[in-house]
Structure formats: C-alpha cells, structure tokens
Amino acid sequence: MKNILYLLVVLFFFCSSCGDFLEEYSQNSTYVESVDDLDELLLGGGYLTRNVGSISATGAMAYLHIMADESKEMPVPNSSVSKSDQVWEKMAGFYIWAENPFTSYTGVARSDGEWASFYTRISVLNSILEEAPNCKIKKDAEREQLSRVLGECYYLRAWNYFMLANIYGAAYDKSNLNDGASVTLKLDPAIEDKKFARASTGEVYQQIVRDLTQAATLLEQGSVLESKVHVTAAAAYALLSRVYLYMEEYDLAVKAANKVEGYTLYNLASRYTPGSGEAFLTASLPEVIYTQGREVMSYVHGGTGYVSKTYSSWIDENGNLQYGYIDVAYVMGDSYVVSDELLQLFDANDVRYSAFFARSYQKNYLVSRKYRAAINEAIVETDPITGTPVMPVVEGMDFNEVASIRYAEVVLNKAEAQACAGDAGAVETMRQFLETRYTVVPAIPASGSGLIEFIRRERQKELCFEGHRWFDLRRYAVNSVHKQTIQVKHEWHTRTTSEAVLEGSYTLKAYDNTLKGDWMIPVPEDVINYCFPVLYNFERGNGVVKN
C-alpha cells in the first residue's frame, strides 16, 4: 500500500488566520504502509508535548489554575532584581477575567495558541482513523497493535473535545442541550473551504461518549503497553466516569468508575511522612492511570524563586568582621499562591496539607507542591504541618496536571454520582477514600445536600491544581439535583520595589446562561472574523464586577 497520509491537518479555520487557512499545513507528508507508521504518527502528533518552558506556553493550560478560586496574587513587593515575563503580569487578563484574557497587566496582547493546538491534534487523530482501514494486517500482533492505536486515537479525540467544550463552550446543562454554544465538531480530516459554527453542547458530549466507548472496547482488545504515557482501557473508563458525571448520568458514571480495574488509592495517612519533602504527583504514584505533557504548577506558584550572589559583610562566630559573597533568596512578586478559600479547608489532620503544599515567601504564603521541582538550598520552604524546612525528594517523571488522570478522581466521581442518585453507598465510598487522607477520619453526612457538598468539598481539596475546579464551578451552577452557584473574588495589587498596594478586587458572578461568556475563553479573533456570522463569541464583562 502506498497511500499518502497528508497531514495537512488543521489547515482550516481552527488553527490560524482563517483567511489563509489552506496555506497553513505541515510541509511533511508521510507514506503510511504499516501499523508502525500509524503508531509513529500518533506519538508525534496526537499527544501533548513536553515542550513547556513558561506559564504561557502552548500545552500548559495554566489559566485553569488562575481563573477559579484556587489561586491569589502574592501581595509582596517586587525585588529590585530585574526579571522579565513575570507570571502575575503575563496572566493578569485571566486573573481579572478581562474581555481579552490574553492581555497582560500592561495591556500587551498575545495570541491563543491552545485553540490551534487542540484542533491540530484532532486533525492528526482524524487522519489516522481514516487511514487505518488501508493498513494490511498480516499477523495477530499487528491486529492487536492496530486496535490499541485506534483506541488511543478515540480516547485522545474525546479528551481534546472535552477540554475544548469546557474551555471555549458552555457548561453541560441537561435542560438546554440544543444551545448551539459549544465548539465545532470535525470528525474527518478533509479540508473544507467553508465557515464552521458552534455545535450544541449535547452533540459534543454525545460524540465524546461515543469515542470513549469505542476507545474502551478497542483498548481491551488491543496490545498492552506497560507505560503510563500510553492510553489504556482503564483511562478510557476513568474519563468516561467524569463525562457521565458532568452529564448527570449517574448510574452510568458509577458503572464506568467500577470498570477502572488494577488501581488503588495511595494511602497518604499511613505512608506519607509530613516534612519528608516527598513528591506526590509523579508518574510513579500507584494511583496515576495515564499521563501526558509536562507539569506547569512550578511556574504558576513559583515560590521565593530567585537566589543571587550578593557582596555583603557579617560578624563571624569569633566576633570578626568578614566580607564576601553570600546567597540571598529574594522575595519576588512574580507568581501566585494558594487562595484563602482553599487554604482554610486544610488542617494538620489532613495529610494532604503536607503532601500537596509548602510554605514559601518567607514562610508567609502557601504554594502548591504536588510535584516538587528542584529548588536552590538557599531558598527556604517549610512544611505546613511540621514547620520544618523541606527539600524536594522526587522519584518519577512529572506530567501535565490537567491532561492526566488518576484513580482518586475516579473514586470521587463515583461518590458524587452515588450521592446525587440517592445511593447510600456514597458514604462507604467516601469513608474508604478518607481513610487514606486523614489521620482521624472526619464525620460524613448521611445523605442529601449535605453529603453532596461534602463530597464536592473533598473533590476541591483532592484535585486542586489539576484543572478541575474551573469546570466544576460551571457544572455545579447548572446541576439539576443540587445546584451550587459560587462566585469568585480576586484581589489585585500594584507593586513597586518597596511596597505592594491592595488596589481593589474583581468579582466574577456565578455561572448562568446569561453570563456564560465570562466563564469561557473566547475563540481567537481571527477565527471569528473568518467564520462570522456563523461562529461568534458570547459577550464578556457583564458578569465581572470591579471594586
């Protein structure tokens, strides 16, 4: 077979200036002759890369950690040491939910590379799925390999559309499924010179379910790679449990969660030593099911962040005046820290307080340290429970917090689905979960709204800074069983080298259908311009109050 698989992918409106979309294609065409060729294409273009070198890099999706109620500005002065591309400055548009969130503190706008990246991967996956029937299979091993490759493709397409729908589209509201407020569905690689409109949220979610169901079937039939960087049937069922939870298909969510086999919760309560500095969120964690991409929270919560050799004088132990260079850890107002709302949920009875965080910035502020990147010894971060200095102990590879999935989420998906369905089994599901997180297990509400809110609060704690909270706040506001409308307040400061001044706050009103534009990232302007009037953004600003 000499079929040419032209990865002209993402040549249409999704990826760039749409007026020239037919020119925006890969210069490389690939001759596909075997399943190995498809496998290589999948690895090369279907997954997130690890090329994340800054908070605004494509594939980071760092804004998901900033827009919700998990982070706040670190209100301390900037050091006199010059540092470019400061996090708080670059990401200010997301922090205050600006009309164009890709605008910095100083008003400098940048492009959104994430939209194009999602659709680039989708086009690669569509191309592989179309080309797969043309592969000549000679051996059973090749047939199993093809099933695995196709299963990974269906999973990844579903994940990309799930992310697109929740970043650029409306929340799934079962009373308004034909809203025309989600993202464009493109399921084949053909390049079409046409304008594309938003699909309805119901359509997009149904396609996600179809893809995940197909993925699970194929992955169960296919060859198994003992690697967490490849999708498995367990990953497909895990993501399916999340999708069904969003859709309020509670029985199906529980069934999907129960099909995630071979994983267990890591018992922090018995195995984690507060103050040890042991990194929690790495690929070696037993409850990690699947990973892709590279971690980004070390950019979002940078910590003290700068050590400089400074010429100074001091009195030694013998009382003599000494001169020389010493390491000085500068306190820099260049990143975010844990919000007050999240901080108040933790105490010393919760082992996650130690495993997930550290105190930085002269011990005054809490920062996320689920993955503990290396730090200079002159930078002192302390354990929130023991108060002792912590140096990272890392075993295992980091990964993107948003794009990966672990078993703890599956358990919490199941528990919330059970509670919303009125299933008393939710209490036992939560008890088993809490035994792995607390020194003394807290009381669990017996049923009803109290139990649902308890589970959602545990979800907020367990899955903090893994990309869930922004999406959860949206879906809670339209939930038909127990609606929770939660607004978000962010304080903002101006800073000099000598002081930080609280200037006021921005409040994002709770999600509803009339304010949904403020709860989604706008589709890039060049895409809108090309596809107007069939594709448009929803109005932003009506749900944001500046004080």
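Tyr119 counts as buried, at 0% relative accessibility (buried means under 20% relative accessible area, exposed over 50%, partly exposed in between, with a 1.4 Å probe and protein chains only). The model is predicted, so local features need pLDDT of at least 70 and side-chain atom pairs pLDDT 80 or more, while totals for chains, interfaces and linings use all residues. Residues are numbered from 1 along each chain as its sequence is written, and side-chain values use heavy atoms, without hydrogens and water.

**Exercise 1.** Classify the ring pair Tyr63 and Phe94, and state where its members lie.

*Solution.* A pair of aromatic rings is described by the distance of the centres and the angle of the planes. Rings of Phe, Tyr and Trp (its six-membered ring) pair if their centres lie within 6.5 Å; planes under 30 degrees apart are stacked, over 60 edge-to-face, and the rest tilted. Across the whole structure, 22 aromatic pairs are found. For Tyr63 and Phe94 the centres are 4.9 Å apart and the planes stand at 20 degrees, so this pair is stacked. Tyr63 sits in the loop between α1 (35-45) and β3 (71-73), and Phe94 in helix α3 (residues 92-95), 31 residues apart. Helices (H or I, at least four residues) and strands (E, at least two) are DSSP runs numbered from the N terminus. Tyr63 is buried at 4% relative accessibility, and Phe94 is buried at 0%.

**Exercise 2.** Do the corresponding classification for Tyr119 and Tyr161.

*Solution.* The ring centres of Tyr119 and Tyr161 are 6.2 Å apart with planes at 75 degrees, so the pair is edge-to-face. Tyr119 belongs to helix α4 (residues 113-131) and Tyr161 to helix α5 (residues 140-168), so the pair ties together parts 42 residues apart in sequence. Tyr161 is buried, with a relative accessible area of 1%.

**Exercise 3.** Describe the setting of Ser505.

*Solution.* Ser505 lies in strand β12 (residues 500-508). At 6% relative accessibility, Ser505 is buried. Leaving out residues up to four places away in sequence, Ser505 touches Lys489, His490, Glu491, Trp492, Val545, Lys546 and Asn547, where contact means heavy atoms within 4.5 Å.

**Exercise 4.** State how far the predictor's confidence extends over the chain.

*Solution.* The mean pLDDT (the predictor's confidence in each residue, from 0 to 100) is 88, and 87% of the residues reach 70 or more. Over residues 1-29 the pLDDT is below 50; beyond near neighbours in sequence, this stretch has 84 contacts in the model.
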